[in-house]
Amino acid sequence: MVNRGPLGGLVSLLAHAQDRGATAVLALACDLPYLSSPLIRRLAEESPKAEIVCPFEDGNYQPLAARYSTELLPRFRASLREDKLALQPLVRGSNTAVMTLSRDEAESLADWDTPEDAGLN
C-alpha cells in the first residue's frame with residue numbers, strides 16, 4: 001500500500017500471511033539493530049490467544065515490535081479505508097497482551113533514526 005505508512009505495510013503483511021494459511025505475523029521495524037533472538041521468540045510465543053502481543057514503554061505501545069493475529073485484517077483494512085492510519089488506537093482497541101520487558105530487552109528496542117544514532121557523525 002503506497003503512502004499508507006506502517007498500517008499499510010501491516011495490512012499487506014497480514015493479507016500475505018492469511019493467503020498462506022498463517023494465523024499470526026511478527027511486525028519488526030527495520031531500524032532495530034539490537035533486537036535479540038530471545039525477544040523475537042518471546043513475541044512469537046507469549047500469550048497465544050491475544051490478538052496482539054506488544055511491549056508497552058513510556059506510555060506507548062511498540063507496534064513495530066509486535067505479533068498480530070491475521071484475524072485483525074478486516075478491522076485494520078477498515079481503518080485504512082477510513083484513513084485512520086495511527087497504530088496506537090488500533091493496538092489499544094484490540095485484545096492486546098502487554099509484554100513486560102526486562103531492562104536488557106527494553107534496551108534492545110533502541111532504534112536508529114539518524115546518522116548520529118548509528119555513530120556515523
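## Helix 3 and its faces

A helix here is a DSSP run of H or I with at least four residues, and helices are numbered from the N terminus. The model is predicted. Helix 3 spans residues 73–81. Just after helix 3, Asp83 takes a positive phi of about 60°.

Helix 3 has buried residues: Leu73, Phe76, Ser79 and Leu80. Seen down the helix axis, these buried residues fall within an arc of 125°, so they line one face of helix 3. Pro74 and Arg81 are exposed on the other side. The buried residues of helix 3 pack against helix 1, strand 2, strand 4 and helix 4.

## The largest core

In soluble globular proteins, nonpolar side chains tend to be buried together. Here the largest nonpolar core holds 20 residues. Leu7, Leu10, Val11, Leu14, Ile52, Tyr68 and Phe76 touch the most other members.

Helix 1 gives the most, with six residues. A second, separate core has twelve residues, including Leu39, Ala97, Met99 and Leu109.

Thr70 lies in the loop between strand 4 and helix 3. Is Thr70 buried or exposed? Its relative accessible area is 5%, and buried means under 20%, so Thr70 counts as buried. Leaving aside neighbours within four places in sequence, Thr70 is in contact with Leu14, Ala17, Gln18, Ala22, Thr23 and Ala24.

## The largest pocket

About 180 Å³ of space lies in the largest pocket. Which residues line the largest pocket? The lining is made up of Thr23, Ala24, Ala44, Pro48, Lys49, Ala50, Glu51, Arg67, Tyr68, Ser69, Thr70 and Glu71. Both Tyr68 and Thr70 are in that list.

Strand 4 supplies the largest share of the lining, three residues. By class, the lining has five nonpolar, three polar and four charged residues.

Key. Residues are numbered from 1 along each chain as its sequence is written. This is a predicted model: local features need pLDDT of at least 70, side-chain atom pairs count only at pLDDT 80 or more; totals for chains, interfaces and linings use all residues. Side-chain values use heavy atoms; hydrogens and water are left out. A nonpolar core is a set of buried Ala, Val, Leu, Ile, Met, Phe, Trp, Tyr and Cys residues joined through side-chain atoms within 4.5 Å. Buried means under 20% relative accessible area, exposed over 50%, partly exposed in between (1.4 Å probe, protein chains only). Helices (H or I, at least four residues) and strands (E, at least two) are DSSP runs, numbered from the N terminus. Contact means heavy atoms within 4.5 Å. The arc is that of the directions from the helix axis to the C-beta atoms. On a 1 Å grid over the protein atoms alone, a cavity is a set of points where a 1.4 Å probe fits but cannot get out, and a pocket is an open set with protein on both sides within 12 Å along at least five of seven lines; lining residues have an atom within 4 Å of a point. Grid points are joined across faces, edges and corners, and a volume is the space filled by probe spheres set on the points. Ala, Val, Leu, Ile, Met, Phe, Trp, Tyr, Cys and Pro count as nonpolar, Asp, Glu, Lys and Arg as charged, and the others, Gly among them, as polar.
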